[in-house]
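Here is a friendly walk through a protein model, with its chains and their contact as the theme. Please have a look at the structure before reading on.

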There are 2 protein chains.
Amino acid sequence: MTYTIGEVAEKMDLTIHTLRYYDKEGLLPFVERTESGRRIFSDRDIILLSTIECLKATGMSLKDIKQYVDWCVEGKETVPQRYELVKNQKKVLEDQMTQLQKMLDAINFKCDFYKRAIETGSTDLCDSERKEWADKVINGTFNR
Amino acid sequence: MTYTIGEVAEKMDLTIHTLRYYDKEGLLPFVERTESGRRIFSDRDIILLSTIECLKATGMSLKDIKQYVDWCVEGKETVPQRYELVKNQKKVLEDQMTQLQKMLDAINFKCDFYKRAIETGSTDLCDSERKEWADKVINGTFNR
DNA sequence: ATAAAACATAAAGCTAACTCGAGGTCAAGA
DNA sequence: TCTTGACCTCGAGTTAGCTTTATGTTTTAT
């Protein structure tokens, strides 16, 4: 199965410009061309793109993603490196989720605070909550 | 309790430049000055900074964070707006976590793939895993 | 046959969020 | 007192990741 750049853009929810940019940056080394120079994407490229999107979604830079792609091109002797990279990114992701959970707690706290402030019609009645937030901040519950 | 810009930078793990940048952008409206012009940070500023860091960690832009700060300055008649903003950011965060969990599944899958490839000394033996990944991609398990 | 749509390159432009440098002022310790 | 280090402003520079523009070619539908 092959696809035009427009079809891929549609399928992957990226712009055509972005796909060409990725290609130029060397992130799509397997994309072929027609005689007249048009790009032909295969399922393999779709799969690579989905991996790229996956790594990008976890905050990896395109530069580091290119390293991964380069290793893919080099062949199976780079499997250990790729394993290391993916394992490391897994760690990054787990840390991110821990951090986000903390932020979610903090945001829930803020949410409740404002909700009560609205219900009681005053922020003053929420002094205890405000103090609690301050304590969390100062004791470092929410940061570092 | 008051702090110099250097102390705050240390405490909040930001650079002095970044703090001045935030101040210039209007994100720290309560910071006072000495007669000679040096910034004096109070606990209130530390608390606001921690809120800023919290919102930033969930991907909110400084522009949107400034809106929140502006509402804080305006006083309690903006509590409903602040509630909406925080509630919305909570939703953003929950979506993010769902997405990240998917990415984590995908990364775990990749991780296992490479691990087995190393154990068996060949990527060829992992064809079934590769196919499984392709299926997930094509059936949209990992994207959209 | 032809007009519109889709594709191509190359280079410039943009935005966010810093980051750095120059040049100067102020404050705290020996 | 003097020197060293922390602070100040202002403006320019940087980086990532696109995005737009200009110009031109190739398909495709009528």
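## How the copies meet

Through which surface do the copies, chain A and chain B, meet? This is a predicted model, and in it 100% of the interface residues of chain B are also interface residues in chain A, so the copies meet through the same surface.

Chain B is superposed on chain A by a rotation of 180° with 0.0 Å of shift along its axis, at an RMSD of 0.1 Å. That is the relation of a two-fold axis. The C-alpha of Met97(B) is the one in chain B nearest the axis, 3.5 Å from it.

## What the interface is made of

Chain B gives 47 residues to the contact, and chain A gives 47 residues. Between them, the two chains bury about 4400 Å², with 77% of it on carbon and sulfur atoms.

On the side of chain B that touches chain A, the elements giving two or more residues are helices H1 (5–12), H3 (43–57), H5 (79–120) and H6 (127–138) of chain B. H5(B) supplies the largest share, 25 residues.

## The sheet in chain A

Chain A also holds an open sheet of 3 strands, ordered S1-S3-S2 with antiparallel pairing. Strands S1 (2–3) and S2 (32–33) of chain A are at the edges with a single partner strand each, so one side of each is left without a neighbour in the sheet.

S1(A) is joined to S3 (residues 39–42) of chain A by 2 bridges, and Thr2(A) has Ser42(A) as its bridge partner in S3(A). Helix H3 (residues 43–57) of chain A lies across S1 and S3 of chain A, at about 75° to S3(A).

Definitions and conventions
Residues numbered from 1 in each chain as written. Chains lettered and ligands numbered in written order. Predicted model: local features only at pLDDT ≥ 70, side-chain atom pairs only at ≥ 80, totals over all residues. Heavy atoms only, no water. Pairing = 2+ DSSP bridges. Helix = DSSP H or I, 4+ residues; strand = E, 2+ residues; numbered from the N terminus. Contact = heavy atoms within 4.5 Å. Axes fitted to C-alpha atoms, helices over the stretch in contact; angles between N-to-C directions. Least-squares fit on C-alpha atoms with pLDDT ≥ 70 in both. Buried area = accessible area lost by both parts, 1.4 Å probe.
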